Structures are given as structure tokens and as C-alpha cells.
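Here are some notes to read beside the model, written for someone new to protein structures. Please keep the sequence and the 3D view open while going through the points.

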Amino acid sequence: MTLQIGVDTGGTHTDIVLLDRSAGSFHTLKVPTTPEDLSIGILNGVRRILAEAGKLEERGPVAFHYGTTLVTNIIVEEQDMPIGLLTTGGFRDVLAIGRAVRKPNIYDIHWRPQRPLVPRAMRLGVPERINHKGEIVTALDEKAARAEMRVLRERGAVAIAVCLLNAYANPVHERRLAEIAAEELPGVPVTLSSDVAREFREYERTSTTVLNAFVMAPMIAHLDGLAGRLRENGVQRTPFIMRGNGGIMSFDLAKTLPAAVTHSGPVAGIVGGNALARATGITDAITFDMGGTSSDVALISDSVPFSTTRGKLAGYPVLLPMLDLVTIGAGGGSIAWVDSGGGLKVGPRSAGSVPGPACYGQGGENPTVTDANLLCGRLNGDFFLNGDRVLRKDLSEQVMRDKIAGPLGLSVEEAALGVLAIAEAHMVNAIKLVSVQRGIDPRGYTLIGFGGAGPLHAVSLAEAIGMDRVLIPAAPGNVSASGLLSAEVRHDIVRTRVLSLETADASAIDQGYAALVEEAGQALLDQSVPAEAVQILRAIDLRYRGQAYELTLPLPSDPITADTLIQLAGRFHAEHARVYGYQLDHHAIEIVNLRVTGTSQPPALPWPSHSPTASAPVAAGHRLVLHGINAAATEWPVYRFTEITAGVEIEGPAIVEYPGSTCVILPGWHATWDAWRHAHITKTVR
């Protein structure tokens, strides 16, 4: 039986899980992230977890699934990456023009648009024209194209993005440019818009193509280097990486489509949270993933995470399907500071893993959320990360006094409680963004808290919002890593077909879908998915004529007929009324995009089950804990998760120390551990 390893690299820690399904064993590990070379920390952790499981020498085949924030970090940090952009002549400034809208506030006179990732000197046009029907109006001027490519070569382009007008309808000119680029710019990777985002909307399509080219070279280097080191350590099978749509894809495909790896690590957490919810019979949930650098929040309704086909990466549009999440700069390493007006702030800057919070003893000079949790008694300085790291409370006390308490005239304890209150207020707002802003009452949902710091705050957040159910996984610090082992291989394809639904040729649409189904199926076969495991999902984007946005409706696998189109009209009216509150029964409806998704069969859940016992848990000790502004410290019992069995119940207040996290159960809350040893925490006092 193949061993499975899931690795999620965060800004502070790298989370690793090892699953042996045949033995029913599940091992977890956290190691420091190595920002200078992510593969160093990954390989250190892989070797260590194999050794701890006794599988280092004789282990058989190993499957490797990976999640990373590398793509996001490259864009956010705006690393110096000279890339060239080739467009249709006259359209070189699409990136700079963008959309005719001022965001987020049209009245902000200080607002300035984002700097395009490609400066104007690296954006060049070539003579050619294809119309929206895919008909060639002006042939490609190959001589001019070669001349422009030589200019980009002289200007040091390390990657080329090609986005021609209406290439989504006919990519012939883009493909010829790729051939010419191979001759004029040998070894320089080329991204074609028709390979990345084959749908209309020129600005978003150009942005997505440029983002893909921007991260392609560093992603190729990273994935090639990591794959090579994995092979040297006995991982011979095809490695996979999490993509933004909630599925995984092979490293080889990811090297050609790195823009699809956006938010890879956080998305793995959503996938893991959804698998956890399904296993425990929960259909509506909000996932709260708090790590060392940030917190990620997402909504799951009817067991389906919210997704979007028009997302953003560091403010830049991305025309690719991805799970919808809100990320805020509130993590364990978020730095607390006092602004010029004497106001206490928390984040978005983070201490990261180096130097880390002051209590790490690595030279950190600023108080963080982790320091505040330690000072309030929520964390055990001698049992952080299962005792792998000792936290120094004296250093936390010193920086909290010097940077926060002293300037504000507070005690150290008051300052620490203030830091936690502000950090949790940011998290509450994030939860409201994914729920209340969509017209959804979060009080009927279950909050799933995970990440290294999520269980520290999950119950407090639920209480603040009025939610009465919290779920803490058996390995809360490794849910993103285990989510990688819960994901299926997934590949999305889209084609723009702007047609009137009323007059559309059903047979032509059916043929269009047949071609996409074949392409999606082949993409999965190319990634070693067995033919019998390939599953195909179809969907269609519809809108009222004149609208700029569309709604996506699923389609059955039956052949598309005239009756299918008539039924689609009724379904679209009903969906429009559900989403927007009204429908226009006599208004014309347009088909916009045809969508096909190919997936493998979902794997079995990674968590092993346990037989319940009637034994009552025994506290490992008691600790003074500060909870609530102006409240005095009181003794709370402290339990070790390793001593908690299935069926155990604990009344709050209590603290449960996991190998990679700590869970705080407030007074008035009750926790029960199920057969997988996931904690169901419910409010008992209202």
C-alpha cells in the first residue's frame, strides 16, 4: 500500500502529515519554514516524519501532495521579474487602463491604480487581428513579431506573455507566436492566453496571462528542485500540488499553469475542512484557518465551498476558477504596535518564523499575538509544538511592557488582553465578510477552527458572533496538509460562446461540450488518473442581455436538446431571483461560457477512527488564565490531547494542548470527542 505525504508550507511553519491507510496510522508534524529555500524545510520534515513513523528505511512507494503560498508571495512582494508582453497592435496598454471604475472608494482622491506587473517598455504590439467570431481579419506580421521579440530579448525578458485580441475565439496567431519565440528566445518560457484563460474580457484575460508568466520561471525552478530532491529521498511517484479550484494537479502541469496555484495552501485548508464537515454530518460551515502570518476564512453551504471564476491575486484580476476566501493579516506572528495617535494596532505586519515572536528567543523585538496568548496563560511555554520549542515568557513580558503597556499606561496583562481583543475583532469582521455580506446568517453555521493558532481563538469568535457550534479537528495544526490528501485531481476548461439562449443551436452547443469533455478527460489521463476514475461535470454561464455578470448553472450529462435550453431559461430566472432578489421573465437570456470540469474520484477520508471509551479524562495540570477585559486570572484545567479518547466529554473552562496547537474552551461551552477524535464544542449557557 502506498504511503501518502501531505506538505503545506506556510509563512511560519511547514505542516506535514503521513498517512498509511493499510496500517490505519496518521502521523503529523510541524517544522519551521525555511524562506531562503522552501525545499530545505520540506525535506527535513519529510525525513523526520518518516523516521518517527518507522518508515525511513523500508517504506515502499510514497505519494506526495503539496500546498504552498509561493505564487502568492511572489506577486505580493512584487519581486523583480522582467517579463515581456506581446499584444495585438494598439492594445499594449490594456493592463494600465484596466476597468473604468475606482475601487474601493470612488470618492477617495488619493486612490491610485496598482502598478502593472509589466512596465510599458516591456509591453509591445504586433500587427494582427482576429474578430470575435474567430475569423482572421489581418494576418500575423511575422517579421514585425520577430523584431519585437528581439527587443524584449535585449531588454532582458525572462518570460513572455502573449495575449492577442479575441484569441479565445481562435488561438492560431498566439500559437504561431509561441513557435517564433522558441526560435528568437530559446529557453525563455512563453505563456499564451489561449492556454491559460480561454474566455473573453480583455483586461482580466491579459492580467491572468501576465500573472502566469510572472511566476512561471521561479515556479519551474522550485518544482524541479523539489521534485529532484524528493526522488533522491525515495519519492518516485508523480508529485501533485494543490490548485486554487480545490483540486490537485501534477507538478508538470503546474509548471505550465502556475497561476492556477494561487492560494494553494489556504485552499487545501478549505478542502480539508469540507472533508471534515462531511465526515461529521455538517453541511453548513465556516472554516477559520489561523497560522503564524495570517488568517483565512471561507464559507461552505450544502457541503460545497463558495467559489468564483473571477478572483484576485494581490489585487490583480485572475480569470480562473478558485475557491472564494478572505485573508487578513492576523496570525500568531502578527505584530502589535501603537500608532502616532496612541491607538493600539495589531498586524498586518508579521514577525514570521525568523525572527518570530519575541518569546521564540530568536531576536524578535516586537510583541505579537503569540506573546499575548502566552502572557494570558493560554499557551504553555514548555509544551509549544509538542515541546519542540520553549517559549520565554520573560521576553514576551519585556517587549509588551516596552512597546505597548508603557506607552499606553497599562499593565502588561491589560496590554496583552487588548492585543487579543483587537486581533479577534479583525477575525470576526472576516467571518462576517464571507457570511453576512452575502446575506447569510452565520449563527446557523458551525465554525471549524484549525491552523496552529485557530483553536486558540475559535470559541471566542463563535461566542462573539452568536454561533453555538465549533468543530476542532483531531490534528488542527495540520488540516491544510491533510486536506491535500482529501482532494481529487481536478482540471477546469472554459470556452466563451456569447449566444442568445432562445435562438441557440442545441446540437452545436452539445458538440462544443463534447470537445471540452474529451479535452478534460485527456488532461486527467495525462496526470495518471485511471480512465475508470475520470468524472466529468458540465456547467454553463448565463446572463440577461445587457448584464456584465453571469450566473453559473450545472448541466446534466444528458445530450443537450432544445428542451434542455428551455429548461435552462426557467432555472436561470429562479437562480437570478434567489441571488439578486428579482427576475426578468420576459428579458432575453444570453449564453456566455461553456464550462467543463474533470475530476478523479475523491479519496477516502484520511483520519483513522477509534473505538469510544468511557474513561474520564485526567487533567495534566492547572494554569492561571486571563479571559475577558478587567477579569482576574483564574485556574483552568489543562488536558493533553494524546490522553483524550473517543467519546470523552469536557466542560469549559479548559485548555486542551495538541501536539501542534492549543484549544481554548470557554466557560459555558461543552466539548465532546467523536470516533475520529474531532472535538465538537457547543454552547451550553445562553
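1. Contact, as used in this note, means heavy atoms within 4.5 Å. With that in mind, Thr256 touches Asn212 and Met216, when residues up to four places away in sequence are not counted. Thr256 is found in helix H8, residues 251-256, where helices (H or I, at least four residues) and strands (E, at least two) are DSSP runs numbered from the N terminus.

2. Before going further, please note that this is a predicted model, in which local features need pLDDT of at least 70, side-chain atom pairs count only at pLDDT 80 or more, and totals for chains, interfaces and linings use all residues. Residues are numbered from 1 along each chain as its sequence is written, and side-chain values use heavy atoms, with hydrogens and water left out.

3. How many helices and strands does the protein chain have? There are 16 helices and 35 strands. For 686 residues a compact globule would have a radius of gyration near 26 Å, and the protein chain agrees with this because its own value is 26 Å; the radius is taken over C-alpha atoms, and the globule rule is 2.2 Å times the number of residues to the power 0.38. Along its principal axes, the C-alpha trace spans about 80 × 60 × 55 Å.

4. Buried residues make up 56% of the 686 residues in the protein chain, where buried means under 20% relative accessible area, exposed means over 50%, and partly exposed lies in between (1.4 Å probe, protein chains only). The accessible surface of the protein chain comes to about 28000 Å², and 52% of it belongs to carbon and sulfur atoms; such areas come from the Shrake-Rupley method with a 1.4 Å probe, and for residues only the protein chains shown count as cover. Among contacts between residues at least 6 apart in sequence, 68% join residues at least 24 apart.

5. Is Thr368 buried or exposed? Thr368 counts as buried because its relative accessibility is 0%, and its place is in the loop between strand S22 (344-350) and helix H10 (369-375). Leaving aside neighbours within four places in sequence, Thr368 has contacts that include Gly332, Ser334, Ala351 and Val419. The C-alpha atoms of Thr368 and Ala358, which are 10 residues apart along the chain, are separated by 7.4 Å.

6. Returning to Thr256, this residue counts as partly exposed because its relative accessibility is 47%. From C-alpha to C-alpha, Thr256 and Phe383 are 43 Å apart in space, and they are 127 residues apart in sequence.

7. Ala277 lies in helix H9 and counts as buried because its relative accessibility is 1%. Leaving aside neighbours within four places in sequence, Ala277 is in contact with Ile282 and Ile448.

8. The structure holds 1 cavity of 30 Å³ or more, and about 40 Å³ of space lies in the largest cavity. Here a cavity is a set of points, on a 1 Å grid over the protein atoms alone, where a 1.4 Å probe fits but cannot get out, and lining residues have an atom within 4 Å of a point. The grid points are joined across faces, edges and corners, and a volume is the space filled by probe spheres set on the points. Helix H9 (264-279), strand S13 (285-290) and strand S14 (295-301) each supply at least two residues of the lining, and among the lining residues are Pro266, Thr287, Asp296 and Phe450.

9. Please also check the backbone. Most residues other than glycine have a negative phi, and most peptide bonds are trans. A cis peptide bond, with omega about 0 degrees, joins Gly347 and Pro348, and Pro348 is found in strand S22. The bond from Gly652 to Pro653 is also cis, with omega near 10 degrees. Asp302 has a positive phi, near 50 degrees, and counts as exposed because its relative accessibility is 60%. Arg677, which is not a glycine, has a positive phi of about 65 degrees, but Arg677 is buried, with a relative accessible area of 17%.

Notes
1 Å grid on protein atoms, 1.4 Å probe; cavity = no way out; pocket = protein on both sides within 12 Å on 5 of 7 lines; lining within 4 Å.
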